[in-house]
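Here's a quick briefing to read with the model open beside you. It starts with a strand, then moves through sheets, cores and a pair of loop residues.

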Amino acid sequence: MIGIGSTLATAALAGVAANAQTRANTRAAEHDPSDSDPGPENTVLLKENPNSNTPPPTDSGDVGPIWFSFDLVHKRIQEGGWTHQVTQREFPSSKDIAGVNMRVTAGSFRELHWHTADEWAIMLEGNCRVTLLNPDGTIFIDDVAKGDLWYFPAGHPHSIQGLGPDGGEFLLVFNQGMFSEDNTFLPSEWLAHTPSEVLAKNFGFNKATIEKLPKGALYIFPAELPKSLAEDRAAVGGPSVQSPVQYTFKMASMEPQFRTQGGEARVVDSRNFTAAKNIAAALLTIKPGGMRELHWHPHASEWQYYISGKGRMTVFSPVGQARTVDVNPNDVGYVPANAGHYIENTGDTDLVALEMFAAHEFQDVSFRNWLSHLPPEMVTSHFGLDAATIKSIQAKKIEFAWGS
């Protein structure tokens with residue numbers, strides 16, 4: 001799955017570099033002005049995205065948008081925190097998944113709510129307390145820290161509250177491309193739009209109580225820090241009302257299923273996080289000089305979130321189309337289902353990224369693994385590789401090739 005690179009990969013990259021160098025030398029010799037830009041440029045953006053401004057010679061055609069960034073969208077800021085999102089509206093290619101990046105300060109709530117999509121989340125910084133009510137009346141309450149996950153099925157009411165000392169920041173992922181965080185079911189709005197006599201009949205509220213209710217959406221708002229987790233669990237009824245489903249998962253502390261010289265990967269889906277029925281994920285750590293090998297996913301498109309480091313990705317699709325983009329922290333990447341791609345660490349620190357799928361389990365197919373399982377003559381016929389090169393591919397241990 002992740003490696004420094006096989007003989008085949010090294011040869012291919014060397015060929016690309018040679019072609020690029022030949023083209024550069026030819027242009028220099030001829031004083032070719034084809035890629036010059038004497039007009040205005042956003043130099044800061046170009047520095048972060050050199051492969052978009054001057055693509056490698058292997059790029060061709062138009063595979064559609066495969067890159068966006070949370071730092072390009074509006075941030076909704078309220079007392080107690082903020083939120084911004086990348087949905088299909090901002091990133092038209094991503095039809096199956098939308099992402100929300102949110103922050104709540106210590107004690108502050110993301111208001112009690114529910115929505116039409118499943119919610120998968122990872123804590124990026126800090127600590128939070130989450131709650132969820134099951135349709136059978138059982139309640140789930142737990143605390144999450146950096147690297148922990150939660151998964152809330154559609155229609156299940158839930159909440160998120162920042163804990164000390166500084167609240168938390170998290171990434172939310174939804175299995176609907178057009179999902180909007182601004183379009184959730186909020187009880188504050190429901191109460192504000194329900195006749196007072198109905199509230200009195202339903203809850204037994206008197207007029208004075210009804211006057212105290214919110215007159216509009218709370219959404220994100222400050223509050224006091226909660227009591228201990230044990231006290232909150234006891235306050236709602238203890239073990240007798242405890243949810244039979246575990247909706248949180250310790251992803252960062254789990255042992256990587258796949259580890260090579262080039263990095264490691266942790267895969268979480270419905271097989272080891274049983275609550276996660278419709279969203280699968282892989283957390284990648286790619287070492288400097290390492291890469292996520294050439295591969296594709298046969299069952300779902302891939303939505304990526306880059307947490308730290310610097311890298312690049314090329315996406316290949318028929319007929320002969322390829323595009324290379326650079327990736328940085330807080331960026332989002334997209335790969336259509338079955339499209340070939342890789343992720344390469346181009347920086348001097350670890351590249352940490354999430355691969356997300358609107359699917360119940362993770363699947364991928366390794367290009368290297370495919371070649372290693374074919375009769376040698378077949379590989380020679382297709383690619384002109386000699387016996388020694390083919391043998392080196394077959395001898396290479398494939399660390400990660402589910403579904404192949």
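Is strand β4 (residues 81–86) mostly covered or mostly uncovered, and how many of its six residues are buried? Mostly covered: six of six count as buried. Keep in mind that this is a predicted model.

**The chain overall**
- Take the contacts between residues at least 6 apart in sequence: 77% of them join residues at least 24 apart.
- The chain exposes about 19300 Å², and carbon and sulfur atoms supply 57% of that.

**Around β4**
- On β4, G81, T83 and Q85 point one way, W82, H84 and V86 point the other way, and all are buried.
- Strand β3 (residues 76–78) pairs with β4 in the antiparallel sense, over three bridges.
- If you want a residue pair to find that pairing by, R76 has T83 of β4 as its bridge partner.
- β3 and β4 make a hairpin with two residues between them, and G80 in the turn has a positive phi of about 115°.
- β4 also pairs with strand β5 (residues 98–104), again antiparallel, through six bridges.
- In that pairing, G81 sits opposite V104 of β5.

**Around β22**
- Strand β22 (residues 340–345) is mostly covered too, with six of its six residues buried.
- G340, Y342 and E344 point one way from β22, while H341, I343 and N345 point the other way; all are buried.
- Strand β19 (residues 311–317) pairs with β22 over six bridges, antiparallel.
- Look for F316 opposite G340 to spot the β19 pairing.
- Strand β17 (residues 291–296) is joined to β22 by three bridges, and these two strands run antiparallel.
- Here M291 stands opposite E344.

**The seven-stranded sheet**
- There's an open sheet of seven strands, in the order β2-β21-β18-β23-β16-β15-β14, with antiparallel pairing.
- Its edges are β2 (67–69) and β14 (258–260), each of which pairs on one side only.
- From one strand to the next, the twist averages 20°.
- Within this sheet, strand β18 (residues 302–308) and β21 run antiparallel and are joined by four bridges.
- E302 stands opposite V335 of β21.

**Nonpolar cores**
- The largest nonpolar core has 53 residues, and W120 and W150 are the ones that touch the most other members.
- Strand β7 gives this core its largest share, eight residues.
- Beyond its neighbours within four places in sequence, W120 is in contact with L149, W150, Y151, L171, L172, V173, I279, A281, L354 and M356.
- Another core lies apart from that one; it has 24 residues, among them I2, I66, A300 and A353.

**Two asparagines in loops**
- N134 is in the loop between β7 (119–133) and β8 (139–145).
- N134 counts as buried because its relative accessibility is 6%, and the cut-off for buried is under 20%.
- The N134 side chain makes a polar contact with the side chain of Y247, at 2.6 Å.
- Leaving out neighbours within four places in sequence, N134 is in contact with H156, S243, P244 and Y247.
- N328 is in the loop between β20 (321–327) and β21 (331–335).
- N328 has a relative accessibility of 11%, so it counts as buried as well.
- A polar atom of the N328 side chain lies 3.2 Å from the backbone oxygen of E48.
- With neighbours within four places in sequence set aside, the contacts of N328 are E48, Y306, G309 and K310.

Technical notes. Residues are numbered from 1 along each chain as its sequence is written. This is a predicted model: local features need pLDDT of at least 70, side-chain atom pairs count only at pLDDT 80 or more; totals for chains, interfaces and linings use all residues. Side-chain values use heavy atoms; hydrogens and water are left out. Buried means under 20% relative accessible area, exposed over 50%, partly exposed in between (1.4 Å probe, protein chains only). A polar contact is a pair of N or O atoms within 3.5 Å; within protein, one must be able to donate a hydrogen and the other to accept it, and residues adjacent in sequence count only if both atoms are side-chain atoms. Contact means heavy atoms within 4.5 Å. Two strands pair if DSSP finds at least two bridges between them. A nonpolar core is a set of buried Ala, Val, Leu, Ile, Met, Phe, Trp, Tyr and Cys residues joined through side-chain atoms within 4.5 Å. Accessible areas come from the Shrake-Rupley method with a 1.4 Å probe; for residues, only the protein chains shown count as cover. Axes are lines fitted to C-alpha atoms, for helices over the stretch in contact, and angles run from 0 to 180 degrees between N-to-C directions.
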